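Me: I'd like to learn how to read contacts and cores in a protein model. Could you walk me through some cases?

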Amino acid sequence: MTRPLRDAPQFYLTSPTPCPYLPGREERKVFTHLVGARARDLNDVLSQGGFRRSQSIAYRPACETCRACISVRIVVADFRPSRSFRKIASRNSDLIGEALPPQPRSEHYSLFRGYLDDRHPEGGMATMSALDFAMMVEDTHVETSLIEYRRRGPDSGFTGRGQGDLFAFALTDRLSDGLSMVYSVYDPALEARSLGTFMVLEHVERARKLGLPYVYLGYWVEDSPKMAYKARFLPQERLMPQGWERVG
């Protein structure tokens, strides 16, 4: 067996399960493992082809009769926040995001648990234990950060660090062409802050400073209310059968 064949990723197909986005439908996924020295390069290629990462797995919907899940990425250079976005950014100007190694702590799990119980009590992650959560954060073979959002302190402008309680966090991969928001969590009691939207806006600015052209948001499903927010971040590119197409 030649080395190229031995190193080639192996892809697998899951059995049908209930769709988490569209009631009455089933989903299937094609997936492969992201491990070893080539994990980062493979994650880049697969992300550009519509895959998402979960721990050491890269997956993509492979439903036989449905193509509702569409990969979307924000075009950073041309993004101009709308009036409503500017209000959200201003509302959260007292917060600062700090990128840290993917090392979970009890406060992360506590926030994660509260978020799930409030927003996704029946979701697939609802039964995740602290150990499951730790694996979700730590089990990565690519460049990943845990970006924490706390209040600005008197020295935040110099240190880049916040202080006090944890308001939100995002598990984020750095790709060769962008930032991929793997999973985001925020305090559901602070709904007026629109922290989910704020984190996306902050990632756009973070990518801009890093010189990266895209922020990957995962899948947009037009008929799923929980996914509707992704269509607001324009201009964006959506992965269609013929390739990435610009919208907005």
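Reply: Happy to! Contact here means heavy atoms within 4.5 Å. Keep in mind that this is a predicted model.

Me: Then which residues does aspartate 44 touch, not counting residues up to four places away in sequence?

Reply: Aspartate 44 touches Leu175 and Ser176. In sequence, aspartate 44 and leucine 175 are 131 residues apart, yet their C-alpha atoms are 5.7 Å apart in space.

Me: What does the side chain of aspartate 44 reach at 3.0 Å?

Reply: A polar contact is a pair of N or O atoms within 3.5 Å. Here, the side chain of aspartate 44 reaches the backbone nitrogen of serine 176 at 3.0 Å.

Me: Is aspartate 44 buried or exposed?

Reply: Buried means under 20% relative accessible area. Aspartate 44 has 10%, so this residue is buried. Aspartate 44 lies in helix H2, which spans residues 39-48.

Me: How should I read the nonpolar cores?

Reply: In soluble globular proteins, nonpolar side chains tend to be buried together. In this model, the largest nonpolar core has 44 residues, and those touching the most other members are Ile74, Phe112, Phe169, Val215, Leu217 and Phe233. Helix H7 (residues 195-210) gives the largest share of this core, 7 residues.

Me: Which residues is phenylalanine 112 in contact with, leaving aside its neighbours within four places in sequence?

Reply: Its contacts are Met125, Met128, Phe133, Met136, Phe169, Tyr183 and Val185. There is also a second, separate core of 8 residues, including Ala39, Phe51, Ala58 and Val142.

Note on methods. Residues numbered from 1 in each chain as written. Predicted model: local features only at pLDDT ≥ 70, side-chain atom pairs only at ≥ 80, totals over all residues. Heavy atoms only, no water. Helix = DSSP H or I, 4+ residues; strand = E, 2+ residues; numbered from the N terminus. Buried < 20%, exposed > 50% of the residue type's maximum accessible area, 1.4 Å probe, protein only. Polar contact = N/O pair within 3.5 Å; in protein donor to acceptor, adjacent residues only side chain to side chain. Core = buried A, V, L, I, M, F, W, Y, C linked by side-chain atoms within 4.5 Å.
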